[in-house]
Every structure is written in structure tokens, then in C-alpha cells.
Amino acid sequence: MSAIRPISDRKLLIVLTVALIILFALSLQQGPVALDWLIALQQPRDSVHGVILWQVRLPRELLALCVGAALGIAGAALQGLLRNPLAGPDLLGVSSCAALGAVLALYFGFAAVTALALPLGGLIGAALAAVLVFALAGRRATVMTLILAGIAINAIMSSFIALALNFSPNPFAMSEMMYWLLGSVANRSNNDLLMSAPFMLIGSLLLLSSGRFLDALTLGEDTAQSLGFSPAAQRKRIVIGVALSVGAAVAVSGNIGFVGLVVPHLLRPWVGYEPRRLLLPSALGGAVLLLLADIVVQHVSTGSGLKLGVVTALIGGPFFLHLIIKQRGFLS
Amino acid sequence: MNLLATNNVSITIDGNRILDDVSVTIRSGEIIGLIGPNGAGKTTLLRVLANLLAADNGAVTLDEKPLINYAPLDFAKCCAYLAQGAPAHWPLRVDNVVALGRLPHLDWWQHPRAHDKEIIERAMQLADVADLRARLVTTLSGGERTRVLLARIFASQPQLILADEPVAALDPYHQLHVMELLRAHAHDTAAHPAHAVLTVLHDLNLAARFCDRIILLAHGRVVCAGSAREVLTEDNLRDVYGISARIVDDNGDFSVIPWQRTR
């Protein structure tokens, strides 16, 4: 039995926001060049320190924040929709589709032509995934068909990614694809941020607006419908919200696992297991976790060696196991 | 007055005729027991009445007007549905579960106000779950959970309750308790507009004792509808259930003891 007692929404949101601000300020201090961002802020934007702050560190950390928030809220919404704490944002196949889009952009060399080809490829992949999920699951998609369609799409996309790696034109292209798949927010530009952030924002707002339905869904789909909701329309809203937020996140950052799984799981006892109250804290918590992981990445490796997705998996895996063991039998 | 009614409703699922030309009416002020053997179409009929399932043919009317004329939210305010097994998927606090009953009455930006909290409190008192308010719903016994979900329904302040086997798997004490609550809701003379209840039951004696009318369903058709004495006859029990039963009719106390299979 979990010993955590729920606390008020306001307290939880304040704690998470304060943590977010502190970590964001700290994260801007990180990097190979010793630089105080408070001082760099006062220097012209085209000075060396100004360029580092405005074109390297800010887009990187803002992207970490947005991606973390998108993954966190998508995980919370999907866990609510499937009424299963083991669901993650990669479940619908959106992330593997987005990853394939970006991998193909690398494979065919579009990414060498323009830096925008990578996120664009990812976004196209994500959009395709949303269409595919619905086509496969049909109009009267039950939750089970959605899951199975997601598994099928994941398998197909993974095989295409493997195919692209298999036939990669040269070892350099292959390592580029592999590294991209590992997940990172390093060396991202303001364009990456501007291209993906609106989708993540709209997707997150869609998910946030489905909170009441997720609450009602606690009592089962029939009861939710009898409370005046249309499960089909609400499911569609959540699938589109996940496709937008997760698709855009993967399109710019690659596969960053475990954030969307662990964060809602960790925060759930604090909101009394209420699906609606979990959404906003999960977005903030996801952003906090990813900023923290990115600070670790930059501390451990001075180059661009260690990838963010590797760190989240390294921390996330054992941590998740610990949670499961601690709460064993509680949710069964 | 007819509150909710089906007129010649039929449903075919995967080539099987689940409901065949079913016409039933629920009048205000009454509690109806819907009985029938397994697979008779009871749950399907209940889901049609609760607007969870659209009929292939025929019409469902609320206050003599077809259901299509009602917005889902307006129907939800009038008609509450208690699902079989009273499922609850997260370990929510009991008072938060009961508060879900207010969802149809609140717009998306609204939190429960003082008025709603009063209604939630009264619903918990009514279903006798106020003492359980701080418990987690997943840690309750079956009887307690059914009462909590009944409190959730009372919090919606519906005119009509449609319940699917609310007393299955409950011990006799809790069976009586839940049936009393349902009957009290249907017979609430202070209620305006008047209430009604339709509940699927397997226990013939509970149906006989608590329900004003019984509807007997078999193979998707209404075999018989009326008082316990009219419906629970030796012929009907033999034809529909395939059993012989000892029927005790003792100065108004009517009970049925299933005795032997006949086929």
C-alpha cells in the first residue's frame, strides 16, 4: 500500500513549477563553454556568448522542456484512456512512425540538404501514424483494437527502420541514424523548436481538455457514456492529441523513452489517482525530469557523446522496477 | 405516465437476433424487475434503454419523445446507468467516485460548488457510505462498492435508474439493502418529476418482493409482463427456465423456490 497522501492541486503545481524554473536556470549554465547566462543575457545577441545562449542553449533546454511536457501528458492521458498504468506514449505506434520519417530523411540524404528535413520527416511520419491507427482500428475503435493496431504499427515501422539501417549507403549514414534514434536535444536550432512546439502545445491542450472524460472512464466506458460523454469522439480527440504531441516530440528529439511511463506513475498517488488531476502535473513533471536528465548528460560527457534517451532509459528502467516492486499488488 | 419506453425494438448482432420486437414501458413511480435466463437479452435491452446501444428497428422514447431528440447530456441528467459488476479502475477515494455523478451537471470549466457538495453529501448519506468517504474504492467489499456506485448515481439526481444485476454476488444483507435503496428511489413521493427504476435481476424472490412489475424475457422476446403472481407461474418457469418450482403464496407473501430441472 502506498503511504503517499494526496496533496492539493495548487501545492503540487507550485512545487513542480518551482522545480522546473530552478532546473531550467541550472540547465542554461551547462555546456562545454563556461558561461553565466545572466551575464550573457545582457550582451548583444550576436556576440559569442549571446550566440551560445540564444542559438545553442535556449533552444536546447526549451526543447527538453517541451518534449518532456509532451511525453509526460501523453503518457498520463494514454494511461487514463487504457486504464492501465503500464501504457506509454509509444503505445499507439506514433513514435516509431515519426522515427521512421526522420530516419528516411537521413537515409535519402534530405537531411544534408536542409536541416529542416529531419523534423519535417518526423512530423510527416507522425501524421501518417495517426491516420494508420484510425484506419486499422476503424470507426468503432475499441481500446483493445487501438492497442493491437499500435503494436502492429510499431512492429512494421521497426522493421522498416531496420531495413533502412541494413541498407544504409555508408557507415557514416548508419551511425547518424543510430545516434538520432537514441534520442537527444543537443545541437537543435530555434527552427526545430518553432516547428515542433506548436504541435506539442496543441496536442497537449487537446489532452488536457479530455480530463473529465478520463475521470468518468474510471467507472468503465458504458458508465462514461451514460454520464453524457461520447466515448468514440473522446477517444479520437485523445489519439489525435497523442499523435500531435508525441509525434512532434519524437520528430525533433528521437526516441526518449520512459519519461511518459514513469512520470504519471510517480505522480499518481499525489493526486489521489484521479486521471484529470494527473494531466497537468505530468506535463510539468515530464519537463522537470527531462531537464534533469539533460543536465546529467552535459555533466557526464563534455562532448556530444552520451545521448539523452540513453540516460532516461538508464534511470527510468530500474526506477520503474523499483516502483512496481514497492507498489506490488496495489493496482491488481 | 410513461417515462421510458421501447416500441418494437429489434437488434441483430453478428447474425443473431438478440432482441426481437420488444416493447416495454417504464412508468413513473414504479420499480421494474427485468428477469430471464442467461442469454435472454436482458443486458442488451438495458443498454438500448440507457441509450448505450442503438436499435436496428423500432424506437425508444423518453417522455413520449424519441431519444434522438435528446442531447446526450440531457439524457444523462435524466437517466442513470449502473453497470454490471460495478467496475472501478483506479483506487479513487469514495467521495471522489460519488462526485463523478455531478459530471453531467457541471460544465467543463466548473468545479463542484457548495450546492453540488451538498448533493454529494446527501447521496452518500442515502446509500449509507458516508463513513467510507476516505476509503479507496478498490479496497471495498462488493457490497460496499455497489452502494458507493449507487451513491454516485444518486448524486446525478436522475429521474430513472437502470441497473444491471446490482445484487449479483452480494450477500443477503447487502442484497436487501441495495434493493431497499432502489425501491425507495422509485417510490419517492416527494420527488418531482416522479422517479422510476428498472433493474435486471436473477433472484426471482427479490424480484417478487421488491418490484411493482416484472418483465420476463426469453430469446429476445417479452414472454410476460405484470405482477409477480402473473409472471412467476409454474408454466412460465417451466417453459422459460426449464425448471419446476415450488410457489408459496401465503397471505401476500409470495415466494418461489426453484426445485428441479425439467429438461
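Q: To begin, how many salt bridges does the structure hold over all chains?
A: Over all chains there are 20 salt bridges, a salt bridge being a side-chain nitrogen of Lys or Arg within 4 Å of a carboxyl oxygen of Asp or Glu. This is a predicted model, in which local features need pLDDT of at least 70, side-chain atom pairs count only at pLDDT 80 or more, and totals for chains, interfaces and linings use all residues. Residues are numbered from 1 along each chain as its sequence is written, chains are lettered from A and ligands numbered from 1 in the order in which they are written, and side-chain values use heavy atoms, with hydrogens and water left out.
Q: What do the side chains of A:R83 and A:E221 form?
A: They meet in a salt bridge, at 3.6 Å from N to O. A:R83 lies in the loop between α3 (48–82) and α4 (94–107) of chain A and A:E221 in helix α11 (residues 221–226), so the pair ties together parts 138 residues apart in sequence. Helices here are DSSP runs of H or I with at least four residues, strands are runs of E with at least two, and both are numbered from the N terminus.
Q: Turning to chain B, how far apart are N and O in the salt bridge of B:E30 and B:R213?
A: The N to O distance is 2.8 Å. B:E30 sits in the loop between β2 (16–27) and β3 (31–35) of chain B and B:R213 in strand β9 (residues 213–218), so this pair links parts 183 residues apart in sequence.
Q: Are B:E30 and B:R213 buried or exposed?
A: Both are buried, meaning under 20% relative accessible area, with exposed over 50% and partly exposed in between (1.4 Å probe, protein chains only).
Q: Which residues does A:E274 join in a network?
A: Salt bridges with shared partners connect A:D9, A:E274 and A:R277 into one network. The closest N and O atoms of A:E274 and A:R277 are 3.0 Å apart.
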